[in-house]
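Have the model open while you read.

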Amino acid sequence: MTHGYKVIGNPKSRAMRVLWVLEELGLDYDFSPDPPHSDAVRALNPEGKVPVFLMDGEPFTDSVAIIQYLADTHGSLTFPAGTRERLRQDGFTQFAVEEVDGALWTRSKHAFVYPPEKRLAEIKPLAIWEFDRAMKTLERRLGDREFVMGDRFTIPDIILGHCGGWAVPAGFNLPDGPVGDYLARVRSRPALRRAMKRAV
């Protein structure tokens with residue numbers, strides 16, 4: 001069954017993860033680069049957050065839920081649910097969201113998301129420390145594998161690769177060595193280049 005897919009959201013946001021997965025899967029989709037809290041976004045998600053993913057006109061939110069759904073539905077970028085490999089993969093996904101994305105999002109909220117009176121300038125050094133610690137953990141967990149799950153590119157690689165692109169303009173330093181090489185390898189994928197070109 002063919003679904004009508006549409007992604008709504010600023011391409012500099014987590015919406016890029018959804019575009020990247022759709023390109024990896026070779027799926028057709030429409031894209032609208034509406035910013036968070038715009039009227040178009042609030043009409044579909046009262047919280048105003050992006051991405052909003054429309055499937056046959058029905059809105060869904062949360063980038064991780066969306067991309068894992070797409071991977072499961074189209075049988076790629078993931079190990080099957082209920083397998084030990086999926087258990088390990090989901091562990092990497094949770095690590096990416098909690099430890100890596102979490103540090104970046106904390107910094108972003110205090111840089112431009114929260115009202116000025118709620119922002120704490122001293123949060124940036126703490127967020128950088130958390131990010132650096134997560135990169136050291138990633139190096140240990142990655143080992144000498146091509147991707148986090150070995151030679152198979154999966155959903156947590158998408159999240160970590162997206163975070164790698166988010167980190168530098170946000171004032172975080174990416175590590176050299178195995179993790180830096182891994183992030184460069186992930187971000188060199190043709191599907192990401194196609195997604196970025198589509199989002200311009």
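The points below go through the sheet, its strands, the helices and a few single residues.

1. Before anything else: this is a predicted model, in which local features need pLDDT of at least 70 and side-chain atom pairs count only at pLDDT 80 or more, while totals for chains, interfaces and linings use all residues. Residues are numbered from 1 along each chain as its sequence is written, and side-chain values use heavy atoms, with hydrogens and water left out.

2. Start with the sheet. It is open, has four strands in the order β2-β1-β3-β4, and its pairing is mixed. At the edges sit β2 (30-32) and β4 (58-61), each of which pairs on one side only. On average, neighbouring strands here are turned by 25 degrees against each other, direction ignored. Helices (H or I, at least four residues) and strands (E, at least two) are DSSP runs, numbered from the N terminus, and two strands pair if DSSP finds at least two bridges between them.

3. Now the pairings one at a time. β1 and β2 run parallel and are joined by three bridges; I8 has S32 in β2 as its bridge partner. β1 also pairs with β3, in the antiparallel sense and over four bridges, with K6 opposite L54 in β3. As background, strands of a sheet pair through backbone hydrogen bonds, either parallel or antiparallel.

4. What links β3 and β4? They form a hairpin with two residues between them. Strand β3 covers residues 52-55, and its pairing with β4 is antiparallel, over four bridges. M55 has E58 in β4 as its bridge partner.

5. Two aspartates deserve a look for their backbone angles. D56, in the loop between β3 and β4, has a phi near 55 degrees, a positive value in a residue other than glycine. D62 sits in the loop between β4 and α3, and its phi is also positive, near 80 degrees. D56 is at 48% relative accessibility, so it counts as partly exposed; D62 is partly exposed too, with a relative accessible area of 46%. For these labels, buried means under 20% relative accessible area, exposed over 50% and partly exposed in between (1.4 Å probe, protein chains only).

6. Check the peptide bond from V50 to P51 as well: it is cis, with omega near 5 degrees. P51 belongs to the loop between α2 (39-42) and β3.

7. Which strands does helix α3 lie across? Helix α3 (residues 63-74) lies across β1 (5-8), β3 and β4, and runs at about 115 degrees to β4. Axes are lines fitted to C-alpha atoms, for helices over the stretch in contact, and angles run from 0 to 180 degrees between N-to-C directions. With 12 residues, α3 reaches 16 Å from its first C-alpha to its last, close to the 16 Å expected at 1.5 Å a residue (the expected span is 1.5 Å times one less than the number of residues).

8. Which residues of α3 are buried? They are S63, V64, I66, I67, Q68, L70 and A71. Their cover includes β1, α1 (15-25), β3, β4, α4 (84-113) and α6 (155-167). Contact, here and below, means heavy atoms within 4.5 Å.

9. T78 is in the loop between α3 and α4. Is T78 buried or exposed? Its relative accessibility is 6%, so T78 counts as buried. Leaving aside neighbours within four places in sequence, T78 is in contact with Q68, A71, D72, R86, Q89, R152 and T154. The C-alpha atoms of T78 and R152 are separated by 8.4 Å, although these residues are 74 apart along the chain.

10. Last, a helix pair. Helix α5 (residues 123-142) and helix α7 (residues 177-187) pack at an angle of about 85 degrees, with their axes 9 Å apart. That angle makes α5 roughly perpendicular to α7 (the label covers 65 to 115 degrees; under 35 is roughly parallel, over 145 roughly antiparallel, and the rest oblique). M135, L138, E139 and L142 in α5 meet P178, V179, Y182 and L183 in α7. By class, this contact has seven nonpolar, no polar and one charged residues. Ala, Val, Leu, Ile, Met, Phe, Trp, Tyr, Cys and Pro count as nonpolar, Asp, Glu, Lys and Arg as charged, and the others, Gly among them, as polar.
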